[in-house]
Every structure is written in C-alpha cells, then in structure tokens.
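The structure is placed first, and my notes follow.

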Amino acid sequence: MSRSPHRPPAEQAVGARRPAPGLPLVVLATLAVLVTAADTYVVVLALPDILAGVGVGLDELQRATPIVGGFLLGYTATLPLLGRLADLRGRVPVLVGCLLLFALGSLLTATADTLGPAVLGRGLQGVGAGGLVPATLALVADRWPPERRALPLGVVGAVQEAGAVLGPLAGAAVLAFADWRAIFWLNLLLGLALAVGAAVTGGVRRPDPWGLVLAVVTAVALGLQLAAPVALAEDVTLGLLYVPVVGSLGWTTPLWLAAIVTGAALVVRSLTAPVRAVLPLRGLRRLARQIDVLGSALAVVALGSLVWAFAAADPATQVVAHGPVLLPVAVLATAAFFWHERRTAEPVLPLRALRPVGAWGALLVNLLVGVALVAALVDIPLFARATTTPGDQLGAALVLLRLLVAVPVGAVAGGWLCRTVPARAVAAGGTGLTAVAFVLMTTWDARSLDGAASTVVLLAAGLGFGLAIAPVNAVLLGVTRAEVHGSASALAVVARTVGMLTGLSLLTAVALRRFTAEVDAIGSPFELCPDTPADCAAFDAATDAALLTQLHTVFAGAAVAAGLAAVAALVLLRDERHPAS
C-alpha cells in the first residue's frame, strides 16, 4: 500500500478500513450508553443515602463534591485518550474495557463504607461511561455511510439523553425496595453482561483458556473480599477467608492473597501467552508510542484541572474553586499540550485531521449547547421550587421532565430530517427554537407554570436541544477521516461537558450579582415595616421579585448561548464530507 504524503505512517496503519460492525453490536453499545447515562443521574435521589452509608453526615453535604466531581473528572479528563484508543485498537476492545471499568467502579461503590472507595468507584464509573460514547458514535460511523448516518446517530443521542429521565426514576424505583447499594450492584451486573455481549457480537477471538481462568479467579476473590456477604463472612468455617493471616495486616486475608497471586499470574501469563492473552500487555510499549503518553498526560491534567475548578465551586460564593492554582495549571497544561501535539509524530489528538471548518464548528456548537442545557437542568427546577412547588423537590423535577422527555424525540427527529434537509439548517433550527423558548422563559412570573403555555415552552426547548444532536455529530464525523472518528467523537463530548461546567458557574455568578443588587436596593425589612417586619408583605414580594430576576438572568444567558449556537451552526457546519469518512 502506498503512503500518502499527507498522512503519517502510524495514521495510515490504523486508518485501514475495518469490517462494518454488525447491528447487534451497535444495539448493545447503545444500551451500554443508556445504562451509563442513567448512572450519571442516579445519585440525584440516592446521594443523601450514599453519604450516610460512607459515614458522612447530612450536615457535611459539602463533602459530597468528590462523589459527583469524581465521576465528572473520570468522565471528561480521559476522553481524548479513550477516543484515540478506539481509533488505534478498535471500537470493540474499548467498549469491552470501558464496560469492565464501569463494572469495577460499581463494585467499589457498592461495597464502600468510607468516602475514599466511593469516590474512587465513581471515578472509575466515570472513565468507563465516558469512553463508551465516542466508541459507540465511531461504531455508527463505521457501519453507515455519511448520507445514511444521521438517523442512527440521532438514536444514539436520544438514548444518551434518555438517561437524564430514566436515571432518577430507576434510582427511585430501586430505593423503594432496597438500599442505595442495590443501585450499584445492578450496575455491576449490567456492566458485566453488556461486556460479555459486546465481546461475543464484536467477534472477539476466544481468549487464552488459562488466562481466562486466572482472570475469573481474581475477579471472584476480589468481589467476595469487597462484598463480604454475611452468609460467608459470619460462617464459622468460610468466615476464615476474611481473617488476616498476619493479624496486623488487613490485606493478608486468604481472599486478598488469592486475588494478588492469581492477578500476578494473570499478568505473567498475558506477557508470555500468544496474542489471545486476556490482558493486552505484550504490545504496551508500541501502544505507549502510538497514544503519545506525554500528550495524554497533559490532556488529563488540563481537563482535570478545568473540570475540578468548576465542579468543586460553590456557585453561591465563587465562580471556580481553587482558582489561583487550578486555572493556571489548566492554562499551562493546555499550552504545553498544543505545543507538544504540533511537534510529535503520533499525537493523541490528531489536530491535522480536525482542520475542516465543520469540525471546529461542531465543537463550538456543542460547547454553546452545553451552556444552555445546564441552565435548563439547574434553573428550571429552581424556578418551580420558588413559585408553584415551594420546597417540593419531586414537583420541581416533574416540571423539568416536561423538557427532558422532548429531547430524545428531537434527537430522532433531527436525524430523520437530515435525510432531506441540510444538517446545518436542522441544527440551527433546533438551537434557534431553544433560544426562543428561553426568551419566553424570561417573561415567566410566579403563576406561569400553572398554565399550559409553559408546557409548550418547555417541550419546545427540549425539542430544540434534541434536534441539534444528530446533525452536529453527523457533520463532525462526515468531515473527518474514519481513523480519527473516535478522537473526534471524544472531543464533541468534552466540548459539551466543558460548556455545561463553565456555563453553570458563569451564568450563576452573573445572576447572583443581579440578585444581590436587587436585594440591596430593597433595603432592610425594619425600614419597610418597622412595626411587624416578619409579616411585611411588601418586603416578601420584593424579595420574590429579586429571585425571579436572578432566574430570568440565567434564562437570558441561556437564550444568548443557544442563539449563538444557531448562528455558529448556520455559518460553520459545512458538511464538506471527507472522501474517506
């Protein structure tokens, strides 16, 4: 095969066309995206119980940040690396590996009795969940040609967005019959079942039998040690498996020792066995060169610092947390990353392949959509609690549900429309519809949610969000080469996540400033009604008006972001399809 002068040798090697994946594999990958997307939102209702289960009191809710932020950190920071691995080593190995990581994280979370293991488990779940999205989008691009790709991309997007609806509902259903740990035990079983299904339908060759036996023994020993089921741990004979051989060393229980010994044997077997080894360790040195270890590390540091700065911030008092440290680290790591990527022969992020205007346009639209979306997810329930459902968290969630149920519908509709309408027109129309809906939200008063008009506005906003999903992804995958579809899809997810994190902090900071100014202008209740300040209706009305001003400011900011996304989509989403896409 002759080399193209415009492509480095490594890129040509991985860019060879793989056989199109079968439909069962794509279906399983999409189901995996649904399960992990639901897990993203499953802690909404279970978080207080999780905190109590790991020894954190309800008066220490600020310590919940690592549980939520750990998932976000794992989800976002490793995306460029996992997207690149999907291009280098294939979609199926990354799918299987991410599902196994998700299962391991679920096991650690389910068995956690202190905060540390719970945070580690949620972080591993985040890594596994994040890697599934670019691998699945790349699978769709592998199977369907560009002109037929938008609809299945819309289905994947719809399934991913459905997680926002199903996650809290599934969590509530499980909590009605069991404790919070059952949620993660269920995730463990689903993760393992989907990993086996992906391996079988993806045509993974039968692994080395001895290596497989060692892997199963290691997993069972580790699982039994962490789970410590009462029937075993308290049995007179079998309970000895949990008694340390050396009393002062907790890791010397027979189960821990079995897991350590068989795990070490598995590593040795994988290094010496044929290519069917369970752990792909023999090619690690070459893989380390291909994935650009330094570039990957810089990307993790840059994204990790940025994510934590925004995720750990208290919106009521700060835009970012630990800003003097984390923001300079993020800026320096980003600058070093781009400097390194432009000079290395095999970058983790193939910038040359992302030069088309449509690619950067898709990333910009995703960023702006993320800003608008987080305003809906956070401030619509706040508006509901402040007006029609004071103190009723479930009622506020049901108000948001009116928007969320329309997003998957819009995602499928957007993919269907792309068959006959230019992708940029569909994306611009969707984000424009969302912008109009947010403009209407800025006129809402305390009684607006009682009428049917608010439901129409919420449905329109959700439909608009959904309509943009398929055309943006279709253009991004259409203007890039097949060998970088994993990396391109990973960047799309990163752009949206970063948009949500930065949008939440910036919009909240601006809105709180307006709220503070309004409250300061009201004056003291003792000045307005010195006789009975506690019953002063004028003061209460003025405070409620200030709160509405705060929420209207967020809606206005979201409208601006959605409007800019519509303009960017119309101008930048040029579907100049690459001949090898």
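With which residue does R496 form a salt bridge, and how far apart are the closest N and O atoms? I found that R496 pairs with E161, the closest N and O atoms being 2.5 Å apart; a salt bridge is a side-chain nitrogen of Lys or Arg within 4 Å of a carboxyl oxygen of Asp or Glu. The pair links distant parts of the chain, with R496 in helix α22 (residues 485-522) and E161 in helix α8, 335 residues apart. Helices are DSSP runs of H or I of at least four residues, numbered from the N terminus. Both R496 and E161 are buried (under 20% relative accessible area; exposed is over 50%, partly exposed in between; 1.4 Å probe, protein chains only).

I note the basis of these entries: the model is predicted, local features need pLDDT of at least 70, side-chain atom pairs count only at pLDDT 80 or more, and totals for chains, interfaces and linings use all residues. Residues are numbered from 1 along each chain as its sequence is written, and side-chain values use heavy atoms, without hydrogens and water.

Entry on cavities. A cavity is a set of points on a 1 Å grid over the protein atoms alone where a 1.4 Å probe fits but cannot get out, and lining residues have an atom within 4 Å of a point. The volume is the space filled by probe spheres set on the points.

The largest cavity holds about 50 Å³, and its lining consists of Y41, E161, A164, L373, L377, L404 and V407.

Entry on other salt bridges. I count five salt bridges in the structure. R91 and D87 meet at 2.8 Å, N to O, and both are buried. R481 and E483 meet at 3.9 Å, N to O. R481 counts as partly exposed because its relative accessibility is 21%, whereas E483 counts as buried at 4%. Shared partners join D87, R91 and D142 into one network of salt bridges.

I found a nonpolar patch of about 530 Å² made by V245, V246, L249, W251, L257 and I260. Such patches take residues with over 30% relative accessible area and no salt bridge, nonpolar side chains being joined within 5 Å. L249 lies in the loop between α11 (230-233) and α12 (254-272).

How values were computed. On a 1 Å grid over the protein atoms alone, a cavity is a set of points where a 1.4 Å probe fits but cannot get out, and a pocket is an open set with protein on both sides within 12 Å along at least five of seven lines; lining residues have an atom within 4 Å of a point. Patches are made of residues with over 30% relative accessible area and no salt bridge: like charges are joined within 9 Å, nonpolar side chains (Val, Leu, Ile, Met, Phe, Trp, Tyr) within 5 Å. Accessible areas come from the Shrake-Rupley method with a 1.4 Å probe; for residues, only the protein chains shown count as cover. Helices (H or I, at least four residues) and strands (E, at least two) are DSSP runs, numbered from the N terminus.
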